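Dear colleague,

Please find below the structure that I am handing over to you.

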Amino acid sequence: MPAVEAIQLTRTFGAKVAVDHLDLTVEEGEFYGFLGPNGAGKSTTIKMLVGLLRPTAGQARITGIDIWQEPQRAKQLIGVLPEGLALYERLTAREFVRFVGAMYGLPTRDAAQRTDELLALMDLDADADKLIVDYSQGMRKKTALAAAIIHTPRVIFLDEPFEGVDAISGRAIRNVLQQLRLRGATIFFSSHILEVVERLCTRIGVIAQGRLVAQGTMAELRTLAQTGDHSTLEDIFLRTVGADDEQRREGGERSLSWLA
Amino acid sequence: MAGVVDRTLTWLGLDAARQRALIGLRLRLLQRQFEREPGRMVGFIVFLVIFGPLVLLLAALSAFIYVAAPTPWPVQALGIVLTGLWLAWGVLPLLAFRTNEGLDLARLLVYPLSTRDLLASALLGTLFDGPSYVTLPFFVAILIGWFDQPWLLPVALVAILLAYALMMVTGQLVLTASMGLLRSRRFRDLSIVLFSLLGSSCYLINRLLESLARATDAATLRTLEPLLVLRWLPPGACAQALALAEGGDWVGAGLWLGYAAAWLALLLWAWWKLLLRMTTGAATWSLPAPAATSARRQLHTSDAIGAIGFAWLPAPARAMLVKELKLTWRVPQRRIGLLQSVLAPFALIVAIFFGEMEALSRLPEWTAAGLPAIMLFAAWGLSTNMLGMESRGLATLLLTPAPRQQLLLGKGLAYALMALAPTMLYAAVLAAITSSPLILVGLLAGIGTALVVVAVNMVAAVYYSYPFDENSTVRQRSGGGWRTGIVQIVVVPLAMAAAAAPATLPMLIGVWWKLPLVVTGIGTLAGLAYATILFGWTTHYAGAALTAREAETLAAASLTQ
């Protein structure tokens with residue numbers, strides 16, 4: 001049974017179609033990278049998949065459970081690092097992660113123990129009793145990630161986990177994600193940092209203008225995009241979303257007349 | 001016309017094209033504010049309706065004094081008016097009222113604009129600030145006051161222009177300085193709470209001023225000449241100049257205007273230097289961070305909640321209750337509600353002591369009848385927009401599978417507890433002093449009222465939440481559409497009054513008709529039972545409703561990124 005399924009998932013905002021009849025499947029244990037240009041519909045898709053934004057049409061399923069029909073059952077299985085992080089900024093990291101643990105039904109003692117371990121792993125233990133509002137962006141992201149995984153979710157959604165994070169925090173997050181995957185978790189994440197996606201993901205989906213325009217492993221994507229055996233994800237991405245074609249049509253790289 | 005303006009700007013050494021662009025930007029941003037936040041327009045209209053007549057009345061009164069009062073009162077009054085306006089513009093930014101909504105100069109510093117252009121654009125931009133128009137009737141009143149002496153008009157006009165510029169520059173200076181202070185979160189939190197409480201203590205301040213006024217006799221008032229002191233302040237100097245010109249001392253008038261102009265130059269210089277200092281990152285007057293709270297102490301909070309009788313709550317509800325208690329204290333805008341619920345009983349005491357002495361003999365009756373009202377306002381203030389108050393955390397909360405009924409139960413109990421705790425203490429002390437069990441009956445009715453109020457707000461929060469930014473530098477952010485505004489302002493209070501009536505009326509009827517205590521007590525207990533059942537039922541109803549429409553509630557409460 002797929003870990004994540006989007007079936008004809010659609011979301012409109014007035015006349016604008018943000019996500020257009022999206023069909024997508026992620027198998028259990030996969031590390032799925034979800035790419036797309038700005039405004040392509042990545043965050044909207046993730047919000048619909050995790051139950052934060054109601055789809056205009058279509059279905060979103062987590063391990064076969066429709067998240068809009070049985071939200072509580074589905075939400076028990078997922079962990080989410082949402083866009084904007086959604087933290088209680090006037091709690092300390094320790095209080096916040098424990099609180100989220102309680103919300104997932106963990107016994108108080110277990111929640112406390114897991115919190116301490118997670119914060120130590122994220123190198124946040126020294127600042128664990130400071131208010132989140134006084135944290136840097138990287139510290140906030142690590143706190144949000146700790147909260148997202150405290151209940152050992154089967155599927156983890158991460159919206160731009162590496163945005164605004166320094167190299168040290170980035171490595172810590174990558175290590176945690178790898179460990180989770182080794183334990184059998186499915187990871188669905190969106191990112192603009194193509195090198196990280198290329199290095200981590202087992203399969204990649206590319207969305208443009210609300211539609212899934214390509215999906216597969218790196219090798220499959222190279223074949224699909226006809227970019228050659230040694231092409232990078234950036235080459236594939238530019239070709240897939242049509243940025244290359246646009247440039248060719250316009251006669252090469254875009255330039256400024258007054259810089260010529 | 002544009003050509004004339006451009007030539008004038010160029011004559012003043014300003015870049016006309018850049019000034020046009022900056023004013024255009026200011027106008028566009030103003031328009032967008034009203035387009036994107038319809039609530040601002042409603043707020044503006046409400047402001048006009050409520051304060052407009054008051055401002056006009058005060059301006060008319062000042063004009064009457066200028067025209068009709070005997071010498072030296074016209075110029076004394078002028079000094080008071082100008083200094084009052086100047087002080088208001090200096091103090092209001094500290095009270096979290098934005099008198100200037102101009103462009104953020106810090107953002108403009110990256111462009112190659114001259115200091116003169118930047119400062120001029122900031123000052124010209126004040127012409128588009130709504131609060132600036134509050135000053136207009138007062139300036140018109142000055143012109144009316146000295147209209148019969150046309151030879152004084154040039155001095156009056158220069159004085160008005162200087163007074164206006166002084167007000168605006170001072171407002172900008174204070175705003176810039178407070179921005180620096182507000183960069184320190186702890187100071188910002190403290191100032192929001194202190195100034196809001198100061199504002200809500202108007203009743204007490206009013207009482208104090210009344211007693212001071214009673215102590216000052218008319219003879220003392222007649223000998224006062226405030227301008228002797230006020231003239232040394234910048235706007236007072238403008239009034240002093242007019243006073244001297246009226247007496248034919250043109251040189252003296254010029255000197256006082258020069259003194260005011262020197263103040264303006266000094267304030268402009270200080271503002272500019274401060275702005276540069278703030279935006280180049282040197283100054284943040286932050287307080288040292290307090291020592292981190294120990295994990296052991298946090299564990300105690302959770303244990304304490306269990307110990308005070310909430311161990312029966314399911315874990316998510318208990319965690320919610322603990323979190324709510326912490327955040328109500330830590331988020332300054334929410335702390336205000338808590339502190340007001342602590343202060344409200346004292347306001348009741350003051351009301352009784354400053355009132356008729358015979359009221360003191362009926363202290364138990366007054367207290368019993370007042371307790372439901374105190375609990376109503378305390379619970380209302382604390383629990384309004386309870387889901388929106390989750391701020392950025394609401395998404396996290398709704399991502400968890402915790403039963404929504406339990407979340408609302410934890411929140412609701414937290415608000416009832418916070419409304420109850422200070423009032424209960426106060427009621428217990430008064431009951432012990434007066435040995436009157438009637439106060440305890442009033443407390444029971446108050447508990448019922450608090451439960452009903454929280455229940456009504458629970459339902460309102462599911463359907464009519466609005467955004468709340470806990471990191472905002474002002475007390476509360478307006479938000480939500482007009483429908484939400486009407487529901488929160490009109491429908492919710494009416495629903496509260498109707499739903500709270502069965503919980504309160506038995507006690508009030510008993511007190512009013514002096515029914516036997518047993519009868520009043522039984523009636524009040526029945527009212528409390530009703531309130532408890534209503535609270536329980538509403539928790540389930542609102543929980544189910546939230547489960548069904550949490551995406552919509554989240555969208556309504558989401559802050560615009």
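**Findings**

His21(A) is found in strand β2 (residues 16–26) of chain A; helices (H or I, at least four residues) and strands (E, at least two) are DSSP runs, numbered from the N terminus. Please note that this is a predicted model, in which local features need pLDDT of at least 70, side-chain atom pairs count only at pLDDT 80 or more, and totals for chains, interfaces and linings use all residues. Residues are numbered from 1 along each chain as its sequence is written, while chains are lettered from A and ligands numbered from 1 in the order in which they are written.

The phi of His21(A) is near 45°, a positive value in a residue other than glycine. His21(A) has 15 other C-beta atoms within 10 Å and is therefore partly exposed (buried means 20 or more such atoms, exposed 12 or fewer, and partly exposed in between, with C-beta atoms placed from the backbone).

Thr63(A), likewise not a glycine, has a positive phi of about 45°. Thr63(A) belongs to the loop between β4 (57–62) and β5 (65–66) of chain A, and with 17 C-beta neighbours inside 10 Å it counts as partly exposed.

Turning to the interface, 32 residues of chain A are in contact with 31 residues of chain B (C-beta atoms, placed from the backbone, within 7 Å). On the side of chain A that touches chain B, two or more residues each come from α2 (71–77) and α3 (93–103) of chain A. The largest share of that side, six residues, is given by α3(A).

Yours sincerely

Technical notes. Contact = placed C-beta atoms within 7 Å.
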